[in-house]
Amino acid sequence: MNFASKEKPTNIKDMMPFLLGTMNAAKTNNIQFTDPETELLVTLLKQNMSKEESEKADKIIRLMKDRKQN
């Protein structure tokens, strides 16, 4: 609910700090997001972005997944 009530960023530059801050706040409250939940949060954030910014977000998410798997 806290996530839903916040103003969402409209570009990739602001998305990452927003997402990391949200995840850190959740961790502080002993809440953990599964990978599908994290993907849903990113999808919601991308709704407010231009196509170009959304594609940048997808690229960063892919890089993060690749890094996590290695």
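**Salt bridges, core and surface**

The structure holds two salt bridges, where a salt bridge is a side-chain nitrogen of Lys or Arg within 4 Å of a carboxyl oxygen of Asp or Glu. Before we look at each, a word on the source: this is a predicted model, in which local features need pLDDT of at least 70, side-chain atom pairs count only at pLDDT 80 or more, and totals for chains, interfaces and linings use all residues. Residues are numbered from 1 along each chain as its sequence is written, and side-chain values use heavy atoms, with hydrogens and water left out.

How confident is the predictor? On the pLDDT scale, the predictor's confidence in each residue from 0 to 100, the protein chain has a mean of 81, and 91% of its residues reach 70 or more. Among the elements of the chain, helix α1 (residues 2-5) has the lowest mean pLDDT, 67, while α2 has the highest, 83. Helices here (H or I, at least four residues) are DSSP runs, numbered from the N terminus, as are strands (E, at least two).

Now to the first pair. Aspartate 58 and lysine 46 meet through their side chains in a salt bridge, at 2.3 Å from N to O. Aspartate 58 belongs to helix α4 and lysine 46 to helix α3, so this pair ties together parts that are twelve residues apart in sequence. Lysine 46 is buried, with a relative accessible area of 19%, and aspartate 58 is partly exposed, at 27%. For these words the limits are under 20% relative accessible area for buried, over 50% for exposed, and in between for partly exposed (1.4 Å probe, protein chains only).

The other salt bridge joins the side chains of lysine 56 and glutamate 53, at 3.6 Å from N to O. Both residues lie in helix α4, three residues apart, about one turn of the helix. Why does that spacing matter? An α-helix has 3.6 residues a turn, so residues three or four places apart point the same way. Glutamate 53 counts as buried at 13% relative accessibility, whereas lysine 56 is partly exposed at 38%.

Serine 54 is also in helix α4 and is buried, with 16% relative accessibility. Leaving aside its neighbours within four places in sequence, serine 54 is in contact (heavy atoms within 4.5 Å) with Lys46 and Met49.

Lysine 46 leads us back to helix α3 (residues 35-46), whose twelve residues reach 16 Å from first C-alpha to last. That is close to the expected 16 Å at 1.5 Å a residue, the expected span being 1.5 Å times one less than the number of residues. Buried in α3 are Thr38, Leu41, Val42, Leu45 and Lys46. They cover an arc of only 140 degrees around the axis, which puts them on the same side of α3; the arc is that of the directions from the helix axis to the C-beta atoms. Pro36 and Leu40, on the other side of α3, are exposed.

Which residues make up the largest nonpolar core? There are eleven: Ile12, Met15, Met16, Phe18, Leu19, Leu41, Val42, Leu45, Met49, Ala57 and Ile61. A nonpolar core here is a set of buried Ala, Val, Leu, Ile, Met, Phe, Trp, Tyr and Cys residues joined through side-chain atoms within 4.5 Å. Two or more residues of this core come from each of α2, α3 and α4 (51-69), and α2 gives the most, with five.

Beyond its neighbours within four places in sequence, isoleucine 12 is in contact with Met49, Glu53, Lys56, Ala57 and Ile60. Leucine 45 is 33 residues from isoleucine 12 in sequence and 9.4 Å away in space, C-alpha to C-alpha.

Next, the surface. Lysine 13, also in helix α2, counts as exposed at 68% relative accessibility. Arginine 67, in helix α4, is exposed too, with a relative accessible area of 70%.

Our last stop is asparagine 30, in the loop between α2 and α3 and exposed at 73% relative accessibility. Its phi is near 60 degrees, a positive value in a residue other than glycine. Most residues other than glycine have a negative phi.
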